[in-house]
Amino acid sequence: QAEMYAGLQELGVANGEDLKETLTNCTEPLKAIEQFQTENGVLLPSLQYALPFLDLHGTPRLEFHQSVFDELREKLLERVSAIALEGKVEERYKKLEDLLEKSFSLVKMPSIQPVVMCVMKHLPKVPEKKLKLVMADKDLYKACAVEVKRQIWQDNQALFGDEVSPLLKQYILEKENILFSNDISFLQNFFSPSPKTRRQGEVVQKLTQMIGKNVKLYDMVLQFLRTLFLRTRNVHYCTLRAELLMSLHDLEISEICTVDPCHKFTWCLDACIREKFVDNKRARELQGFLDGVKKGQEQVLGDLSMILCDPFAINTLALSTIRHLQDLVGQDTLPRESPDLLLLLRMLSLGQGAWDMIDSQVFKEPKMEAELITRFLPLLMSFVVDDHTFTVDQKLPSEEKGPIPYPSTIPEAFTKFLQENRIACEIGLYYILHITKQRNKNAFLRLLPALVETFSDLAFSDIFLHLLTGNLTLLSDEFALEEFCTSLFDGFFLTACSRKENVHRHVLRLLLHLHHKVAPAKLESLQKALEPTKQSGEAVKELYNQLSEKLELRKPSPAEVTESPSMELPLPTVPTPASR
């Protein structure tokens, strides 16, 4: 406490220690107290008569002085804020620097601290010596405004990293919580919130405030995101990279937006994500940005690829690709003849190659495999044609030969593409999501076996399984059929449950939602197959317990199961009018 009030002595103001010393060394304490009050009280003649009046009302002197002090502090804080906006820049900052010099010795005094902090907040450059003193004291560092912290952070990357790290962890956790949410719906999913809504999230807003207009801090955050993306391959860091830039764009922070070479590309792509479709006009704009990367500036491709690796961008590009393919079927046009489709593939390829590009530091666009365009996409289009043909066949009057069955075999090339080509795999998975959303059970069961082995196990990724489980709710009535459940669970989900805990969680999520649709015998065998092992995580055990509780509630009580004597009486046979 002595240290806290030490600053008063430097300013020639008496403190508690001085009073203690005076009282210790005097013969008349009451006179000493009166003298101390006169010397250190409010020096205003009119107060001489007002104070005894307050005494009559039983108002303690401390309460009076405290209220005067609080009032003066508020006025001083207002004045400091006003000085920061008055006159010429050099003059106003000179005033504030002088004020800081005089008041800084009181920075640890709780009642004066807000004023000192306010002065520092309005100084664009606080003297380094003062910044070091603030940084060295935990309480002072915690109390100072973000404007002051920015000045500390820009020269202390490790300290800034300590502040940002918990926010980044929180962000990833929030994304994973959405993907594993127990609310399964095809209407509301991971990609439902608009970009603007997502940018209002707590983490993005906090990071935006921490960065302010400071380009150095913005670059540091981007470096953290690149490093974490490389270390973990977690694509949610790519989402945050785009959201942060667009959050600064919303606030019109031109100091940062004008120096980030990805700004206009991200802005255009953001509009596409909002519409969940890349239209022709925006496609040309995006192509212009990609074609405009000049020689010697190829490094920008690393950042553009990270923007395109954002799952929200991939989702938009993949949905647009499926839509284009359907249009091409109607137009009798091949994929290689559609410039818009080729651009979508180019951006998908750049996004999917982000990790390799940043890791290798070789900044050039990945080469597109010709077979993707000449063989795989026409194959997908043939599936669309199969569906149309089957639908038309069903409507034709049946002939003697009977109904034509739905094609059940998968071309070997399709399975091979899904295993060996990342772009083909991504588009193939989105096609399967598309047919599921259309409630096309036949097409779904035909292509499902191809998902057991895919490129980098993409069919068992959280984003795909989150979307698939949501779309499967549209086929809920099919879960009563043995064939459907065997294909879906035994043929797909259970092949990976033991080696991939996330798959185990998604299956349990699905069953929690649709268990009442599944045949009892099948449900029982699934319950056994999905029982957690000792190695299973808490999330799996918790979901399994929830499912077990729900199934327990559905079981009939023993009283219902025991056969009760039949109460039905045999009905007398009544002759029908015809037999009379």
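The sulfur of Cys497 sits 14 Å from the closest cysteine sulfur, that of Cys485, which is too far for a bond. Cys497 is also buried, at 9% relative accessible area (buried means under 20%, exposed over 50% and partly exposed in between, with a 1.4 Å probe and protein chains only). The model is a predicted one, with local features needing pLDDT of at least 70 and side-chain atom pairs pLDDT 80 or more, while totals for chains, interfaces and linings use all residues. Numbering starts from 1 along each chain as its sequence is written, and side-chain values use heavy atoms, with hydrogens and water left out.

The disulfide count comes out at 0, taking a disulfide as two cysteine sulfur atoms within 2.5 Å. Cys268 is in none, and its nearest cysteine sulfur, in Cys272, lies 4.9 Å away. Cys268 is buried too, with a relative accessible area of 6%.

On to the core. The largest nonpolar core runs to 165 residues, and Phe479 is among those with the most contacts inside it, along with Phe376, Phe444 and others. Such a core is a set of buried Ala, Val, Leu, Ile, Met, Phe, Trp, Tyr and Cys residues joined through side-chain atoms within 4.5 Å. Leaving aside residues up to four places away in sequence, Phe479 touches Leu472, Leu510, Lys517 and Val518, among others (contact means heavy atoms within 4.5 Å).
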